[in-house]
Amino acid sequence: MGELVLIDNPLAKYYLSVLRDKNTTPRSYRDAVRKLGFIVGYEVSRRLKWGRLFVETGLAKAEGVYPSRPVYIIGVLGASIPMMHGIWDALPWAGLGLVGARRRIVDGELEVEIFYERIATDLAFYTTIVVDPTLASGKTMTKVVELVSERGGRDIIAATILASKRGLEYFWSKHPGVPVYAVEVDPLLDHRFFIVPGIGDAGDRSLTPDYVTKY
């Protein structure tokens with residue numbers, strides 16, 4: 001098994017409860033995902049490389065810190081858009097890359113294909129944070145981390161909101177050295193490879209417009 005960092009924080013659990021509620025509107029859903037992205041980014045910051053410096057306060061010198069290694073966030077379109085914005089809010093100096101992945105079920109097995117990517121050509125000098133709000137089968141996260149590794153990435157972190165036990169097992173069978181940050185782990189996947197009890201389809205629920213009845 002690889003390293004799992006569970007974010008045991010009541011505020012994070014509250015926003016997860018908002019996501020689990022089937023009656024949560026798209027606007028409230030993506031707002032909760034973005035807030036959880038910030039919380040996940042805050043927790044991931046403990047793992048980043050920091051240097052020490054001194055700053056002038058106007059009265060004296062004070063010791064502080066600065067990010068000593070560049071950070072690169074990679075989001076999986078489109079479900080990750082609110083979450084990566086939240087992480088970017090927490091780590092605003094980071095670079096940003098995008099990956100498009102397509103899922104399809106063939107003879108009862110899930111296949112994942114990367115059909116689009118806009119990421120740096122050399123990730124050797126970055127701490128790379130791969131973002132997907134759900135780690136269900138683990139195959140999408142696995143594919144993206146493989147791409148990061150091909151670009152020279154070595155210091156890689158997987159960031160999600162909700163993972164499945166099966167997805168974690170699959171992911172770590174391929175990338176045992178990559179830590180996973182998550183708010184919760186659910187026990188099951190259904191026949192469509194969605195997490196149960198889960199948070200629904202994060203892409204559809206985040207990106208669907210609200211119905212506006214009056215202004």
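Reader: How many salt bridges does the structure hold?

Author: The structure holds 13 salt bridges. This is a predicted model, in which local features need pLDDT of at least 70 and side-chain atom pairs count only at pLDDT 80 or more, while totals for chains, interfaces and linings use all residues. Residues are numbered from 1 along each chain as its sequence is written, and side-chain values use heavy atoms, with hydrogens and water left out.

Reader: Why is the pair K49 and D155 called a salt bridge?

Author: The term requires a side-chain nitrogen of Lys or Arg within 4 Å of a carboxyl oxygen of Asp or Glu. The closest N and O atoms of K49 and D155 are 3.3 Å apart, so the pair qualifies.

Reader: What makes D155 buried or exposed?

Author: Buried means under 20% relative accessible area, exposed over 50%, and partly exposed in between (1.4 Å probe, protein chains only). D155 has 16%, and therefore counts as buried, whereas K49, at 37%, counts as partly exposed.

Reader: How do you know that R69 pairs with D155?

Author: Their closest N and O atoms are 3.5 Å apart, so R69 and D155 also form a salt bridge. Salt bridges that share partners join K49, R69 and D155 into one network.
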